2 protein chains.
Amino acid sequence: MCRNASGVLFGLALTCFPIFARMMGNQDTICALATANGVGAIGVIRVSGNETLKIVSSIFSKDLTKKQSHTMHFGIVSNQSGEAIDEVLIAVFQQGKSFTGEESAEISCHGSPYVQQQIIQVLLSAGCRLANPGEFTQRAFLNGKLDLSQAEAVADLIASQSKNAHNIALKQLRGGFSSDLKDLREKLIHFASLVELELDFAEEDVEFADRTELKQLVKDVLKYVSRLATSFELGNAIKNGVPVAIVGAPNTGKSTLLNQLLGDDRAIVSDIAGTTRDVIEETLNIEGILFRLIDTAGIRDGAEEIEAMGIERSKEKIEQASVVLCLADATLEHSIQGVSDWKAELQANHPNKKVEMLVNKVDLIEKVPTEGIAISAKQGANVEELKGWLVSAVTGDFDMANETIISNARHYGALCNTADALEKALNGLETNVSADWVAMDIRQAMFELGTITGDISTDDLLGNIFSKFCIGK
Amino acid sequence: MCRNASGVLFGLALTCFPIFARMMGNQDTICALATANGVGAIGVIRVSGNETLKIVSSIFSKDLTKKQSHTMHFGIVSNQSGEAIDEVLIAVFQQGKSFTGEESAEISCHGSPYVQQQIIQVLLSAGCRLANPGEFTQRAFLNGKLDLSQAEAVADLIASQSKNAHNIALKQLRGGFSSDLKDLREKLIHFASLVELELDFAEEDVEFADRTELKQLVKDVLKYVSRLATSFELGNAIKNGVPVAIVGAPNTGKSTLLNQLLGDDRAIVSDIAGTTRDVIEETLNIEGILFRLIDTAGIRDGAEEIEAMGIERSKEKIEQASVVLCLADATLEHSIQGVSDWKAELQANHPNKKVEMLVNKVDLIEKVPTEGIAISAKQGANVEELKGWLVSAVTGDFDMANETIISNARHYGALCNTADALEKALNGLETNVSADWVAMDIRQAMFELGTITGDISTDDLLGNIFSKFCIGK
């Protein structure tokens, strides 16, 4: 039996064909406030769908249906009784040229919640429906303007609070991650075509493709997928902030250290509009990575733990933290050894946490200790070194500037599943199982990768992703 | 001596010439976040000034300097190191065609505070200055795009929380009030020209203009100015909400009444995005007028005042209120008479407050009382009538739909001063003083009117007005 050489590839292509067919057109017209809630100088209401310009023109002092895309028009929005609601600027986006891919409009009105609500109510009366959370982005995905990982990046970008979180999201939005996945997919297709050749000549018992070469190929892909999956720990830390616990006996200088760490940062962060003082007081931005200092309220008040070593009181803090800084007092006999022992025990019990000993008050002693990071919280000595340690504890050997870092738990899950399937394929190759079995594992790997970009998706998956967006996005 | 017939007019014109010369061009380029603080789907950063398009192009992936006004352009904003910050849409407004009248741009970026702050920082590095509060509107005023009362209406419109507050602000923004003032000014110029004629022939002792006619003219203008000034009480109440106190002895049904009043309203108001529950619980929107129920927290908890009549505890509430509702219990002997007497005393002591007696629990008695408004808070009987009374207590004989209502304390002050000057002019005419004196009073009246529109203004006045605006407006 001579099978068509494209048999396996065709099978793979079928599996990867979108389960959830992307839809074009014929959707109702949706509207929502796109800017933040509250009072501002201006607010923007977004409208998208086939009827957008017809509906918007019906409440506006000008006919916008024939206007060129990407033009803005000044006029009056009125209600059904002809009462003026506001003077506005309306931006027109013709079908295919908007964020959603649909005919769209953005109404810039005065930034009064009352005015915004009135305009939305008039739009609803004129035939719009209030958008669901994330529905604009969902439509952009369904209309092929973004893949799923890019759509998810929109939400991450909006939520980003630090340079690196922002960079990861922006890179993902601009297709950096999608392009990595495309490379991987091409490698797997190449691999599949080699397996295919072997299958075609299976009856002749010829190993057409060199299995050594095949193995190397799978190993390479597996290595890259694993590296991507591993980057999730870093990406997630960057996205959500890195929880840090500072623990130590009373009077080891925890509050002094905290003030040293926060001191400069607070001055910088307070320039940033929209960040509240509460948040500032407990977060620390070092080289674009957000560190969340756990339960520092007590420390800041100078109310340090009263038990020796503070272990009991610190237990909960340590559980939450991914980085633990154990403070020793250089001026106290036994303190360094005691903390060092405790640190070793802590590290043994929590192998996944980054634990380091800080030896404080080194300005008061003559011989600098050999273990841990020697600091003087009071004088600020070596605090920069400590910050550098914090950054490298989080970034590890990842090259933040050039490597792709993933920060989405769904992508992490899919990459782990991809790696599992590739491990099976590799195992199959090593134990010389039939090429049919290997091909099946490769299909599974490609399926998992497809769920990341949304080539493979389901209603449930999409609903789950977009419902977490804000309304108006 | 034969003076030029336009002498007085010329003098008036000089007086009314802007003290603070309006400036065109040659201003630095300013930028600010124009949308509300916080996380949204999109945020808008506004840039205005001569260098706008040059500066914005320097951080953008496209050259915008030659683009047509009112067009939008998609691209990437990057920092000085060339690192991408965000994918944005930039709206271009050429000089003379923008809100400020200057070359302007609006950058629609992702609605992340971090991204917004980054873009603003890049704009600042590229040559912009952070805008002062209200500076965009101030520039619109200085460039003659708005008069001062219209500029002030922008702030009122943004702050408006009810239909009528919104209508007053929008009418003012669209020039309704300015046009009233123009009419007044024309009438005064006509008047001045008649006085002028008399002055020209003063040496011949001829009363050229019929003083009866002049008096009638001043009376008409005075009547209109006084009516406008009087409308301030209503306008201010509408703008800031009308403080209402509900007072009464324990168990007269205050909390039941409150729930009746708020019941329907809450359901409606809860649909409005951006209003917090705290605010909702204490405000009541009737026919587009906002009533603020003072100190209702206790009432809502059922914790009514324990003293008889609750007078002592209610004193402070009554002081703050402009409307006082005194609750009597129809089922208690003496209650109606007691509350009626107390109400009369209260009204005598506070002639400017609107005071009314509500006779509650009329569902439990047979004969409907003749005094006050008979209600059943429990069954909701006559609650609509009570709402109608509240509205008419505030609006009085003003025709909300068609009359100009002023809501700005500065305008009120200027109108009162105008009225004073007109009274003096009228008095002068009646006591046959020299036309010179009358002309001086008219000049004063025109000066006062000029301060409203900003034809007359000073740095201090402008600083005072615009500093109350938010940044970005």
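Visitor: In which helix of chain A is the place of Lys387(A)?
Guide: The model discussed here is a predicted one. Lys387(A) touches Leu261(A) and Ile286(A), leaving aside residues up to four places away in sequence. The place of Lys387(A) itself is in helix α14 of chain A.

Visitor: Does Lys387(A) count as buried or exposed?
Guide: A residue is classed as buried when its relative accessible area is under 20%. The relative accessibility of Lys387(A) is 11%, so Lys387(A) counts as buried.

Visitor: At about what angle to β9(A) does helix α14 of chain A run?
Guide: Helix α14 spans residues 383-395 of chain A. This helix lies across β7, β8, β9, β10, β11 and β12 of chain A. Relative to β9(A), helix α14 runs at about 105°.

Visitor: Which are the edge strands of the open sheet of 6 strands in chain A?
Guide: The strand order of this open sheet is β8-β9-β7-β10-β11-β12, with mixed pairing. An edge strand here pairs on one side only. The strands in that position are β8 (283-286) and β12 (373-374) of chain A.

Visitor: Within that sheet, which residue of β11(A) is the bridge partner of Val324(A)?
Guide: Strand β10 (residues 323-329) and strand β11 (residues 354-360) of chain A run parallel and are joined by 7 bridges. Strands of a sheet pair through backbone hydrogen bonds, either parallel or antiparallel. In β11(A), the partner of Val324(A) is Val355(A).

Visitor: Which residues does Ser335(A) touch, not counting residues up to four places away in sequence?
Guide: The place of Ser335(A) is in helix α13 (residues 335-349) of chain A. With a relative accessible area of 14%, Ser335(A) is buried. Beyond its sequence neighbours up to four places away, Ser335(A) touches Ala328(A) and Asp329(A).

Visitor: What separates the C-alpha atoms of Arg292(B) and Val244(B)?
Guide: The place of Arg292(B) is in strand β9 (residues 289-293) of chain B, and its relative accessible area of 28% makes it partly exposed. Arg292(B) and Val244(B) are 48 residues apart along the chain. Their C-alpha atoms are separated by 5.9 Å.

Visitor: Which residues of strand β1 of chain B are buried on each side?
Guide: In a regular strand the side chains alternate between the two faces of the sheet. Strand β1 (residues 30-33) of chain B is covered on both faces. The buried residues are Ile30(B) and Ala32(B) on one side, and Cys31(B) and Leu33(B) on the other.

Visitor: Which residue of β6(B) is the bridge partner of Cys31(B)?
Guide: β1(B) is joined to strand β2 (residues 42-48) of chain B by 4 bridges in an antiparallel arrangement, where Ala32(B) has Arg46(B) as its bridge partner. β1(B) also pairs with strand β6 (residues 129-130) of chain B, in the parallel sense over 2 bridges. In β6(B), the partner of Cys31(B) is Leu130(B).

Visitor: How do α5(B) and α16(B) lie relative to each other, and how does their contact divide by residue class?
Guide: Helix α5 (residues 148-159) and helix α16 (residues 435-453) of chain B pack at an angle of about 40°, with axes 5 Å apart. That angle makes α5(B) oblique to α16(B). The contact is made by Leu148(B), Ser149(B) and Glu152(B) of α5(B) with Thr451(B), Ile452(B) and Thr453(B) of α16(B). These residues divide into 2 nonpolar, 3 polar and 1 charged.

Visitor: Which residue of chain B comes closest to the rotation axis?
Guide: Chain B is superposed on chain A by a rotation of 180° with 0.0 Å of shift along the axis, at an RMSD of 0.2 Å. The two copies are thus related as by a two-fold rotation axis. Of the residues of chain B, the one closest to this axis, at 2.2 Å (C-alpha), is Thr71(B).

Notes. Residues numbered from 1 in each chain as written. Chains lettered and ligands numbered in written order. Predicted model: local features only at pLDDT ≥ 70, side-chain atom pairs only at ≥ 80, totals over all residues. Heavy atoms only, no water. Least-squares fit on C-alpha atoms with pLDDT ≥ 70 in both. Axes fitted to C-alpha atoms, helices over the stretch in contact; angles between N-to-C directions. Parallel < 35°, antiparallel > 145°, perpendicular 65-115°, else oblique. Contact = heavy atoms within 4.5 Å. Nonpolar A, V, L, I, M, F, W, Y, C, P; charged D, E, K, R; others polar. Pairing = 2+ DSSP bridges. Buried < 20%, exposed > 50% of the residue type's maximum accessible area, 1.4 Å probe, protein only.
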